[in-house]
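This briefing covers one protein model. Please look over the sequence and the structure before reading on.

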Amino acid sequence: GRVMEEESVGGGGGGRVGIGNAPVALVVGAGDNEFGFLTGMSLVSRGYLVYGTLDAEKIRDEKTARAQTNCMSDSDQPVKKAVERSDQRGGIKMIELHGRDEETMASVVEILENAGGVYLLVLTVGERMIGIFEEIDEHIVERYVFDYIFSMIRLVRAVLPSMRRRRCGKIAFCLQWAWWIALPGFSVHSAAISALYGFARSLRIEIASLGIQVFSVTLSSKKGTQVPKRKATRYQDYDGIRPIVTGLSNSGENPSVVIQRLMDILQRPNNPFHNYVAPHWITAFLLFIRQCLPESLFEWIFLMIFSYAYNIPGLVENDKRIPQ
C-alpha cells in the first residue's frame with residue numbers, strides 16, 4: 001500500500017511497528033460512528049492493520065441496530081475487560097470495550113501488543129451534540145462529555161508506553177471545526193472539544209522529545225450529527241434562534257471528501273499541530289478575521305450574519321455590547 005512509502009518517524013531507529021511490516025492503527029470509535037468506520041476502512045486500504053473500538057454499552061442500548069450490522073455481542077453478560085471480536089467489519093478488527101477502568105485499558109494494551117504495538121492512534125470525533133442547552137437532559141450531557149474527554153484520554157494513556165519504548169508513533173485528534181467559533185447549539189460540543197484541544201496541545205510538547213507526534217485535524221463532516229431528544233417542554237424563548245441551530249446541524253462536507261483529505265494528513269512524515277480539512281478557503285478566511293479582529297467585533301459580525309440570514313431582527317439589537 002501507499003503507506004509503506006512514508007518516511008520513518010521518531011528517533012532511535014524505532015520505525016513503524018506491526019505484524020508483517022504492516023503498521024498498526026487504532027481508530028477510536030470505528031465501531032460506534034460512521035465517520036470512524038470510514039476512517040478505519042480507508043486506513044485498511046492503505047496497508048494498515050486496523051483495530052477499532054466498539055462500545056458494548058451502546059450496543060446493548062441499540063439492539064435493533066446491533067442485529068442489522070452483525071455487531072451482536074457473543075454474550076449479554078457484562079465483561080470487565082476489552083474483548084477482541086472474531087468477526088471483522090470492512091477489514092477492521094474490533095475491540096469491544098466493556099467499561100473504561102484500568103482493567104479494561106490493560107486488556108486493550110495486551111491485544112494491541114500482541115498485534116505488534118500501535119503506530120497510529122486516531123481519535124475520531126464521533127457525533128456532534130447539537131441542540132439548545134436548556135433542552136438537553138443532564139444525563140445526556142454527562143455521558144457525552146465523558147465519552148469525548150475521559151474515554152479518549154484513557155486510550156491515549158494506554159498506547160503511550162508502547163510508543164515511548166519504541167520512540168515512534170502518531171496521535172491524531174480529529175475535531176469538528178465549529179468548536180473554536182461561538183455558534184448557537186454547540187455549547188456542549190464546544191465544551192468537550194475545547195478540553196480535548198487543550199489536552200492535545202500540551203501533550204504534544206510533553207512527548208515531542210520521544211519521537212511521538214501529536215496533532216489535531218479540524219474538520220467538518222455531515223456525518224455524525226446528534227440532535228438529542230428534547231424534554232417534553234420546548235422553551236418558546238428559543239424559537240427565534242432555533243432555525244440557526246437546525247441549519248448548523250445539517251452543515252458539513254461530504255464524508256468521502258473529508259476522509260480523503262484526512263488520509264493525506266495522517267500519512268505525512270511530519271505534521272504541525274493545526275491541520276484543517278474543512279473547506280480550505282472558508283477556514284482560512286475565518287481564521288484570518290478571527291486573529292485580526294477583537295473578539296467582541298468578531299462575535300458581533302457573526303450575530304449580524306445570523307440575524308440577516310435567518311431573518312431574526314432582534315438578535316443583534318438584543319446584544320447591547322458595543323464592539324471595540
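**Strand pairing and overall make-up**

Leu-120 has Lys-170 in S7 as its bridge partner. The model is predicted, so local features need pLDDT of at least 70 and side-chain atom pairs count only at pLDDT 80 or more, while totals for chains, interfaces and linings use all residues. Residues are numbered from 1 along each chain as its sequence is written, and side-chain values use heavy atoms, with hydrogens and water left out.

Overall figures

- The protein has 12 helices and 10 strands; these are DSSP runs numbered from the N terminus, with helices being H or I of at least four residues and strands E of at least two.
- Of the 324 residues in the protein, 50% are buried, where buried means under 20% relative accessible area, exposed over 50% and partly exposed in between (1.4 Å probe, protein chains only).
- Among contacts (heavy atoms within 4.5 Å) between residues at least 6 apart in sequence, 74% join residues at least 24 apart.

Strand S5 and its partners

- S5 and S7 pair in the parallel sense over 4 bridges; two strands pair if DSSP finds at least two bridges between them.
- Strand S1 (residues 24–28) also runs parallel to S5, joined to it by 5 bridges.

Packing of H1 on H9

- Helix H1 (residues 34–45) packs against helix H9 (residues 255–266) at an angle of about 50 degrees, with the axes 10 Å apart.
- That angle makes H1 oblique to H9, since angles under 35 degrees count as roughly parallel, over 145 as roughly antiparallel, 65 to 115 as roughly perpendicular and the rest as oblique.
- Axes are lines fitted to C-alpha atoms, for helices over the stretch in contact, and angles run from 0 to 180 degrees between N-to-C directions.
- From H1, Phe-35, Leu-38, Thr-39, Ser-42 and Leu-43 meet Pro-255, Val-258, Ile-259, Leu-262, Met-263 and Leu-266 of H9.
- The residues of this contact comprise 9 nonpolar, 2 polar and no charged; Ala, Val, Leu, Ile, Met, Phe, Trp, Tyr, Cys and Pro count as nonpolar, Asp, Glu, Lys and Arg as charged, and the others, Gly among them, as polar.

Arg-167

- Arg-167 lies in the loop between helix H6 (150–166) and strand S7 (169–176).
- Phi of Arg-167 is positive, near 60 degrees, in a residue other than glycine.
- Most residues other than glycine have a negative phi.
- Arg-167 is partly exposed, at a relative accessible area of 35%.
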